[in-house]
Amino acid sequence: MEAAAPLPGAIGTSASLALRLGQTVFASASLLFMSFRVEFYGYTSFSYLVVIMGLVIPWSTTLALVDAYSILLKYVPRQPKLMCFVIVGDWVLSFLSLAAACSTAGVTDLLLNVDQANCPVKLCRRYQLSAVTAFLSWFLSFASSLFNLWLLPSL
């Protein structure tokens, strides 16, 4: 009996590698927009975004390396404990990323609409770019977690 083909986007596939690399790129961009020459630590939601993106980057990079290794060896990891660990990690980081992106977008919108003196336009644009790239990272993370969750019942 032949093994079923892996679900595109599930761990160990090239689609998963692309999703993980996208997560890493967008999380890194969000972190750079927020922290390069910006005093983000004055607002809790901005600090929260920096912390969460700091967690997403090593998580996604590690899983991208696992995907690349699996592609090179043509071996798709399907151990139930490993899959549960990846699924739980994806879900937790996905919801934390969504919360961080939403809080950053909300505070930035508030700063833009309340008083221009608190947030010069150039600075607030960087906050907005950081929030947008955080949302993109969240979207890819959520897609990865859904693909892996879909695979869970077959284990």
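## Ala10 and its surroundings

In this predicted model, Ala10 touches Ser16, Arg78, Phe147, Asn148 and Leu151, leaving out residues up to four places away in sequence. Ala10 belongs to the segment before helix 1. Because its relative accessibility is 0%, and buried means under 20%, Ala10 counts as buried.

Ala10 can also be compared in position with Leu32. The two residues are 22 places apart in sequence, and their C-alpha atoms lie 29 Å apart in space.

## Helix 1

Helix 1 contains 22 residues. From its first C-alpha to its last it reaches 31 Å, which is close to the 32 Å expected at 1.5 Å a residue.

Several residues of helix 1 are buried, among them Ser16, Arg20, Gly22, Gln23 and Met34. The cover over the buried residues of helix 1 includes helix 2, helix 3 and helix 4. Just after helix 1, Arg37 adopts a positive phi of about 60°.

## The nonpolar core

The largest nonpolar core comprises 27 residues. Those with the most contacts inside this core are Met34, Phe46, Leu49, Met53, Val56, Cys124 and Tyr127. Two or more residues each come from helix 1 (14-35), helix 2 (44-73), helix 3 (80-114) and helix 4 (121-151). Helix 2 gives the most, with 9 residues.

Phe46 illustrates how such a residue is surrounded. Beyond residues up to four places away in sequence, Phe46 touches Met34, Phe40, Thr104, Val107, Thr108, Leu111 and Tyr127. Of these partners, Met34 and Tyr127 are also listed with Phe46 among the residues with the most contacts inside the core.

## Asp90 in helix 3

Asp90 lies in helix 3. Its relative accessible area is 0%, and the cut-off for buried is under 20%, so Asp90 is buried.

Which residues are in contact with Asp90, leaving aside its neighbours within four places in sequence? They are Arg20, Trp59, Leu63, Ser141, Ser144, Ser145 and Asn148. Asn148 is also touched by Ala10, and Arg20 is one of the buried residues of helix 1.

## Regions listed in UniProt

An unreviewed UniProt entry lists residues 17-36, 48-72, 84-107 and 127-152 under "transmembrane region". Two of these spans may be described in the model. Residues 48-72 are 100% helix and 0% strand, and the end C-alpha atoms of this span are 36 Å apart. Residues 127-152 are 96% helix and 0% strand, with end C-alpha atoms 37 Å apart.

Technical notes. Residues numbered from 1 in each chain as written. Predicted model: local features only at pLDDT ≥ 70, side-chain atom pairs only at ≥ 80, totals over all residues. Heavy atoms only, no water. Core = buried A, V, L, I, M, F, W, Y, C linked by side-chain atoms within 4.5 Å. Buried < 20%, exposed > 50% of the residue type's maximum accessible area, 1.4 Å probe, protein only. Helix = DSSP H or I, 4+ residues; strand = E, 2+ residues; numbered from the N terminus. Contact = heavy atoms within 4.5 Å. Expected span 1.5 Å × (residues − 1). UniProt positions renumbered as here; feature names shortened; annotations may be inferred.
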